[in-house]
Amino acid sequence: MTLFPVLWMISSSLKQDKEIYKIHPTWIPEKFTIEHYRELFSQFNFGRHLPNSAIIALSGTVLSVTLGILASYGFSRYSFPGSRVLLFIVILVRVFTPAAFVVPLYDMMSWLGLIDSLLSIIIGVTILNLPIVIWIMKVFFDEFPNEIIDAAKVDGLSSLGVLTHIVIPLAAPAVATVVLFSLIAGWNDFLFSLAFSQTEKSMPATVALANMDTGYKVYWGAMMAGGTFILFPIMIIAFLLQKHFIQGLIKGAIK
Amino acid sequence: MSSYIKRESRIGFLLCTPCLLFIITFIGYPLFRNIFLSFHDYNPLHSLEVTFSGLENYQWLVKESIFINSLYITILFTIVSVTLEAFIGFFVAYFLVKIKERFTKWGFRLLTSVFIIPYVMPTTSTGVAWRMLFHPSFGVINSMLNVKLMWLSDPILAFLSIVIADVWKTTPFFIFILLAGLISVPTEQYEAARIDGASGWQELRYITMPSILHLWIVTSVFRAIDAFTKIFDIVYILTGGGPGRATEVLPLLIYKTALRFFRFGTASALGVVAILISLFFGIGLLRRRT
């Protein structure tokens, strides 16, 4: 039941067009073909879109994880005037509707000349990711035993040194979780990509896939191939880092 | 303040600064711009002028049925989806716990891996796959049920189809969290119950459920907030809003008003309302935790 749609998508992607349109669908293609996958690259320019997706995912991750870890460490370990209020606000962003940001952000990006640029999408993605990164990392930093830090300080490390040499290496599992979530969010992003990209200069695979429904004709075969293709990298990464993923989900809900 | 404390608090502040700068620029400013624009007329397609129009946009919201309809659909969608996900998720998790003993560690991992797929699958892939499944002519669902339902063209069926697709996609969220919760229930309680002669059903009712209840509710609330605010991708691809407006959920309405009709003023008003609703739930959530 769970795999049903996915298997169907894969199976359809390997069928010839005629077979896709059959009234009584078959599961195993009568005649295998990879023509749809070829179409992805020849007709639909996936060779441009996939790297875009990757850049968005990676850059978004780097940006949100860096900003987020620094901030959550700051919030967790140091109290300064206003820190509680700020933290409160950051967490609040998590419950906002991303669509509500589309108007002012589009306006802003337009003014900055960033429409149809990867940077605008990356910024959008980071906005979505930051609250989650901060949430999860703060939980981790809160539980981090003080003794280790104190011991390091006694040994003469500066505060920054403590962060880079002690805390971060030990935080590896939490960081892995956060990186994983950010990658997934970046790769799968649709709303901001749809809003800000117009040409293949910045359009990621997600939007390209949606555009296969051109209004005149729906390219089903290529669509299924595209859908499968986009799914694959994320699926592999998620499989490998499964443990982190599940822990992340749990930490996010329990705290 | 001693200089040590001053220095510490400065470091903390410095650490947070880059992030805060980002947030102020790309989240704070848009928020205020939203509020600002919601009181103006701004239709970039016609002219770049921003003219003050007071409460006009908000009056439009309240009078026009488009917004009320969208709100209704979104709320209905949230309730139906989350309820289904919560229950299906629970039963699957419960089932998994029961059969856990029969698997090796790796075997069990493999089994749970299967459930990750819907959750990490890009929403566009999901939308596209289900779009084909629901196709009236060559879709598998119709052929398996031996009917000829017009899934995406009938208002009620279209609504059902987005519910089904969303439930398929996010039930794993419940499954994994509840699974962890169920596993952490101390076995002594079960053993004691068994000694006392409790049946499986009684076990479920008096031990399993109470211990999981809190987690279940918290997860449901989280999921409800997400369902209400982030449902966009799947609907865009599956139905594009409906037949008519039958599935035009709020985020989709905001998007369409903004980037298809380019009525920025109205869209901002919609956005402000959406954020107010989210704030309401968000603060409620935070209050209950702290």
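A:D116 sits in the loop between α6 and α7 (118-142) of chain A, and in this predicted model the residue has a positive phi of about 65° although it is not a glycine. Most residues other than glycine have a negative phi. With 16 C-beta neighbours inside 10 Å, A:D116 counts as partly exposed. B:F262 is partly exposed, because 16 other C-beta atoms lie within 10 Å, and the cut-off for counting as buried is 20 or more.

**Chain A**

- Chain A holds 14 helices and zero strands, so that reading its elements from the N terminus gives α-α-α-α-α-α-α-α-α-α-α-α-α-α.
- Of the 255 residues in chain A, 50% count as buried, and among its contacts with a separation of 6 or more, 76% are accounted for by residues 24 or more positions apart.

**Chain B**

- Chain B comes to 12 helices and two strands, and from the N terminus its elements run α-β-β-α-α-α-α-α-α-α-α-α-α-α.
- Chain B is more spread out than a compact globule, because its radius of gyration is 24 Å, well over the 19 Å that the globule rule gives for 290 residues.
- The C-alpha trace of chain B spans about 75 × 75 × 35 Å along its principal axes.
- Buried residues make up 41% of the 290 residues in chain B, while residues 24 or more positions apart account for 70% of the contacts that have a separation of 6 or more in this chain.

**The contact between the chains**

- The contact takes 72 residues from chain A and 71 residues from chain B.
- On the side of chain A that touches chain B, helix α6 (residues 98-112) gives the most, with 11 residues.
- That side of chain A divides into 56 nonpolar, 13 polar and three charged residues.

**Helix α6 of chain A against helix α11 of chain B**

- The crossing of α6(A) and α11(B) is right-handed.
- From α6(A), the residues A:A99, A:A100, A:V102, A:V103 and A:Y106 meet B:P251, B:I254, B:Y255, B:A258 and B:L259 of α11(B), and the residues of this contact divide into 10 nonpolar, no polar and no charged.
- Helix α11 (residues 250-259) of chain B is largely enclosed by the rest of the structure, because nine of its 10 residues are buried.
- The buried residues in α11(B) are B:L250, B:P251, B:L252, B:L253, B:I254, B:Y255, B:K256, B:T257 and B:A258.

**Helix α13 of chain A against helix α4 of chain B**

- Helix α13 (residues 220-240) of chain A and helix α4 (residues 105-120) of chain B have axes that come within 10 Å and cross at roughly 135°, and that angle makes α13(A) oblique to α4(B).
- The crossing of α13(A) and α4(B) is right-handed.
- The contact is made by A:I234, A:M235, A:A238 and A:F239 on the side of α13(A), and by B:S113, B:I116, B:I117 and B:V120 on the side of α4(B).
- The residues of this contact between α13(A) and α4(B) divide into seven nonpolar, one polar and no charged.

**A buried serine in chain A**

- A:S72 is found in helix α4 (residues 46-77) of chain A, and the residue is buried, with 28 other C-beta atoms within 10 Å.
- Leaving aside residues up to four places away in sequence, A:S72 touches A:I134, A:M137, A:K138 and A:F141.
- The C-alpha atoms of A:S72 and A:L170 are separated by 15 Å, and these two residues are 98 residues apart along the chain.

Technical notes. Residues numbered from 1 in each chain as written. Chains lettered and ligands numbered in written order. Predicted model: local features only at pLDDT ≥ 70, side-chain atom pairs only at ≥ 80, totals over all residues. Axes fitted to C-alpha atoms, helices over the stretch in contact; angles between N-to-C directions. Helix = DSSP H or I, 4+ residues; strand = E, 2+ residues; numbered from the N terminus. Parallel < 35°, antiparallel > 145°, perpendicular 65-115°, else oblique. Left-handed = near helix turned anticlockwise from the far one by under 90°. Contact = placed C-beta atoms within 7 Å. Nonpolar A, V, L, I, M, F, W, Y, C, P; charged D, E, K, R; others polar. Buried ≥ 20, exposed ≤ 12 C-beta atoms within 10 Å, placed from the backbone. Rg over C-alpha atoms; globule rule 2.2 N^0.38 Å.
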